[in-house]
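Subject: Structure for you to look at

Hello,

I am handing over a structure that you have not worked with before.

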Amino acid sequence: MKNKFKKLFLSFLAATSLFLVACGTGVNPATSGGIEVFPEDQDRILRIASFTNEALVLATAFAGENPDIEIDFTEITMQGGEYQNWLMPLLALGGDVPDVIFLEAEFIRQFVESPFLGNMNSLLPYVDYVDTFPFVVEAGMHNGEARAFSFQATPGVMYFRRSMAREYFGTDDPSFIQELFSTPESTLDAGRVIRDASGGTTFLVSSANEFFRGFAAGRRDPWVVDNTLTIDPLMMYFIDFARILNEENLQAQVDQWSGEWFQGMDDNLINAHGQPIRIFSYLLPTWGLTYVLMDNAPSTFGDFGVIESPLPYHWGGTWIAVTRDARNPNLAREFVRWATLNEVTLERWATGYFSNEFLRAIDPSLPSDLGRGPGDFVSSRNVVNRISNYFEDTDAYNFLGGQNPYEIFGQLAPNVSLRLMQGTDAAIGDEWQDAVGAYLEGQIGSVQELLQSFRNAVRVILPDLNIN
C-alpha cells in the first residue's frame, strides 16, 4: 500500500527547535516538538517504509506538528518475510531508498548489524532525558553505534486464570501464585497440581513453546559465538522441560496462534472426544493483553491475572532507523527523536491520544479504522512512572481482576536484557523449536538425533557458520 499526503497545515504543538534548546531557552529537549530546517537535506519529503500502520499513525501526527513537510509512506506486509525481502536488497543497492524504516524485533538485528543504517549517536543524550529502558536501546546498538530506537518496551509476563487458581490453589492472590511459578522447577510442580486436581482436564499451558522465549533469554551464550553454532546448556534444559510437559500431560498440545489457542482463552476448547478442556496460563508480552487476550476472551473478562514469568523474557516491539543513504537524514533523525525519545509523544501514544478522530483532523483521507487506543507500553521509564495511575479502573485493569498492567510492566521492564540478541536469532530459534517439536511428537527418537537434525537444518540456512 502506498499513501501520500502533502502540505498539512495544522499544527497541534508550538514548534520548538533543537537549535533554540541548544541556545539555552530552558526547554526540555525530551518534550519539545518541531523541527529545524537543515540545508543539507535534499527536500522536505520524509520517506517512510514500514510493515505496520503504526508508522502511519506516528507520521501523520508528526506532520500535523510540522506542516511544511510531506510524508511519503509505504507499507508492505512482513508475512512470509515479504517486507524484509523487499527492504534489504533495496538498501544494499542504495539510491532511491526510504529515509526511515520500521523494524520488528524478529528481524531488527539483521538490519542493525548490516552496513545500511545511519549512525544516530547524536540522539543518545535523549535516552537519558527520557530514561529509556536499557534493553530497548541495547537492541538498536551495534559496534558502539546507535542505529535504531523504539517507542515501545515489551517485557513478557504470565497471564493466569483466577478462577482456576482459586479452584486448584485456594487463592488467586498474584503474590501467592507468583511463588508457585518462580522457577521452571516450581512451575512443573504447580502444573502437576493442576493436572491432578482437574482429573487431567486442565492444562498448565497450551504447548511447551510458550516457555521457549524465557529459556532463550536466560542463556549465558548466544546461538553464534565466533561464527560457530553454540547450544547453551539452558537450551538443553529446555528439551528436558518440554519433554516433561509433554510426557506428564501438562500441556494441551495446542499450537500458539492456532484457532484452538484462541478458543482456550474464552473457555471454548474441546478435545478430540468433544470434551471441554481448559488452559491455566498464557505467556505473552505487554501487547498480548490488549491485542490478544482482551480481543479473544470476552466471556472470561475479569478472570485473568498477571505475574512475572518463571524466566524473564521479551517479545516483539517496533524500532525505527534512519537509512545510510537517506536523502533527508536530519529530518529522518528528528522524526526518530520525536517518535521514540520525546515524552509528550510517548505519553500520547500510551494514552490513546492519537485516535482516528485526531488523525483525520490532520488528513481526512485516512482510513476510518486508523488510530491508536490506550494501553501500549512505552519505552520511557519517566513516562511509565508518570502515567501508571492512568490505567487504574480501565478495561485492561478490570480484565485483570483489579491489577494495573502498566505498573506491573514497569516493574519488569528493567529486568529484561537483549545482550544476546543477534541477526540470526529468528532463523536459528525457529529450527530449534521445530526440532524439539519433532522430538516431542515422536518423529525424532533421541536427543542426539534432535541435535543432529537441528544442526543439519541450520547448516542449510546458514552455510557460512561453523557447525560442529
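The notes below go from the whole chain down to one residue.

Please keep in mind that this is a predicted model.

Overall form. The protein chain is built from 21 helices and 15 strands. Along the principal axes, its C-alpha atoms fill a box of roughly 70 × 55 × 40 Å. The radius of gyration is 23 Å, which agrees with the value near 23 Å that a compact globule of 468 residues would have.

Packing. Of the 468 residues in the protein chain, 57% are buried. Among contacts with a separation of 6 or more, 76% are between residues 24 or more positions apart.

Surface and charge. The protein chain has an accessible surface of about 18,600 Å². Carbon and sulfur atoms account for 49% of that surface. As for charged side chains, 60 are negative and 30 are positive. The centres of these two sets lie 4 Å apart.

One residue. Alanine 63 is part of helix H2, which covers residues 54–65. Is alanine 63 buried or exposed? Its relative accessible area is 0%, and the cut-off for buried is under 20%, so alanine 63 counts as buried. Threonine 424 is 361 residues away from alanine 63 along the chain.

Regards

Note on methods
Residues numbered from 1 in each chain as written. Predicted model: local features only at pLDDT ≥ 70, side-chain atom pairs only at ≥ 80, totals over all residues. Heavy atoms only, no water. Helix = DSSP H or I, 4+ residues; strand = E, 2+ residues; numbered from the N terminus. Rg over C-alpha atoms; globule rule 2.2 N^0.38 Å. Buried < 20%, exposed > 50% of the residue type's maximum accessible area, 1.4 Å probe, protein only. Contact = heavy atoms within 4.5 Å. Areas by Shrake-Rupley, 256 points an atom, 1.4 Å probe, with all protein chains shown as cover. Lys, Arg positive; Asp, Glu negative; His and termini not counted. Charge placed at Lys NZ, Arg CZ, Asp CG, Glu CD.
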